[in-house]
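Please walk through the structure shown here with attention to a loop residue and then to the surroundings of the ligand.

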Amino acid sequence: MDALQTDYIKVDPRHSDWKVIDRCASIIKNGGLVAFPTETVYGLGANALDGQACRGIFAAKGRPADNPLIVHIASVEDMERVAGSLPDRAYKCMDRFWPGPLTIVVPKNSNIPDTVSAGLSTVAVRMPDHPVALALIRVSGVPIAAPSANTSGRPSPTSAEHVREDLGGKINAILDAGPCRVGVESTVLDLTSPNPVILRPGGISREQLEDLLGQPVAFDRGLTDQNVTPRSPGVKYKHYAPKGEVILLEGSDNRIIARIKQELSTAREKKLKVAILCSRELAEQVKYLEADNLIILGSRQKPETVAAAIYGALRECDRTGSQLILTEGFARNGIGAAIMNRLEKAAGYRLIKL
Ligand code: TXA
Ligand code: MG
């Protein structure tokens, strides 16, 4: 692809600069690509009603064509432009969790090009909780299809700098509104059958969904069972992976520490550069071990801080050339399901239970 001039534009999320939003909305309306902030991760946006524009997203990311895009809208009313008939459960979810990190999969209507839905009869839709994203969608006047704004296979971008690393020279503009609050992607919830299924854990937890819907909400079996094909096409791809080998350690602190010592001594013999990714609590106990890099993700007491730090930490491992990355496992309830899903994928499911 020919190199493009990528405009890098800083915006204040609290006071929309309408000149900037207008300029980026024109790019979207004219079939171009704009990376923009959301509360989860940065998205790479194009007009969701324009198949040609959306093909540009796949080209810029190197994304496989069978992986459908999430369509972003700015109000519940916009649903009519993208979806067919909706079950009551969909309205309940939209009322409670929008704007916010929940994507719902519903029947699509004929406005949605096959490129966006990857030929499926359904469409994934969400309303992001970020003033810049909402302003861009409103001023563009069209729904915006947007996957995470990373090169396919790399960790998702939680800052505009991450976007520039991957997509600078390949897209028209990057809107920089600082770091993303949630830091992991939205929960993808399939509402096309009577029993709702989480296709990808994310910013809204299973517990929150069960509480609202008053019925069990299952995780797609393909998320954890490697013999079952995931129902969400994107989930099957190797993803979120840094270049070094990642080992995920689950168990008591004492056992994790013993294993880290063992791994560090083997790594030293092989002269490997090692990073440890862990909670503040564990860091207190392993800091004297002298790994090449000790990255504190956040506190176990505040798992949302861990979620917000994961992707930046994985990118830092690449930047500093870590060859072995030892990662602590976290509790799997609430946002922990999303944290552990991302860490398991980063580890290529190399999970050691101690
Ligand atoms: O938080 C997010 O969701 C971010 C921000 C930018 O909104 N977007 C994002 O998009 O994570 P992406 O493309 O990286 O992930 C979309 C996921 C993929 O796993 C894809 O396969 C799945 O949603 N998906 C999209 N449409 C679907 C559909 N019709 N049925 C099942 N899964 C679908
Ligand atoms: Mg993605």
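N109 is found in the loop that runs between β5 (102-107) and α5 (114-117), where helices (H or I, at least four residues) and strands (E, at least two) are DSSP runs numbered from the N terminus. This is a predicted model, in which local features need pLDDT of at least 70 and side-chain atom pairs count only at pLDDT 80 or more, while totals for chains, interfaces and linings use all residues. Residues are numbered from 1 along each chain as its sequence is written, chains are lettered from A and ligands numbered from 1 in the order in which they are written, and side-chain values use heavy atoms, with hydrogens and water left out.

Because its relative accessibility is 17%, N109 counts as buried (under 20% relative accessible area, with a 1.4 Å probe and protein chains only). A polar atom of the N109 side chain lies 3.1 Å from the backbone oxygen of E80.

Turning to ligand 1, 27 residues surround it, and the closest are T40, N67, H72, S186 and G234; a residue is near a molecule if one of its heavy atoms lies within 4 Å of it. By class, this shell has 14 nonpolar, nine polar and four charged residues. At least two shell residues come from each of β4 (70-72), β6 (122-126) and β10 (197-200), and β6 gives the largest share, four residues.

Taken alone, ligand 1 exposes 680 Å², of which the protein buries 98% (areas from the Shrake-Rupley method with a 1.4 Å probe).

Note on methods. Ala, Val, Leu, Ile, Met, Phe, Trp, Tyr, Cys and Pro count as nonpolar, Asp, Glu, Lys and Arg as charged, and the others, Gly among them, as polar. Buried means under 20% relative accessible area, exposed over 50%, partly exposed in between (1.4 Å probe, protein chains only). A polar contact is a pair of N or O atoms within 3.5 Å; within protein, one must be able to donate a hydrogen and the other to accept it, and residues adjacent in sequence count only if both atoms are side-chain atoms.
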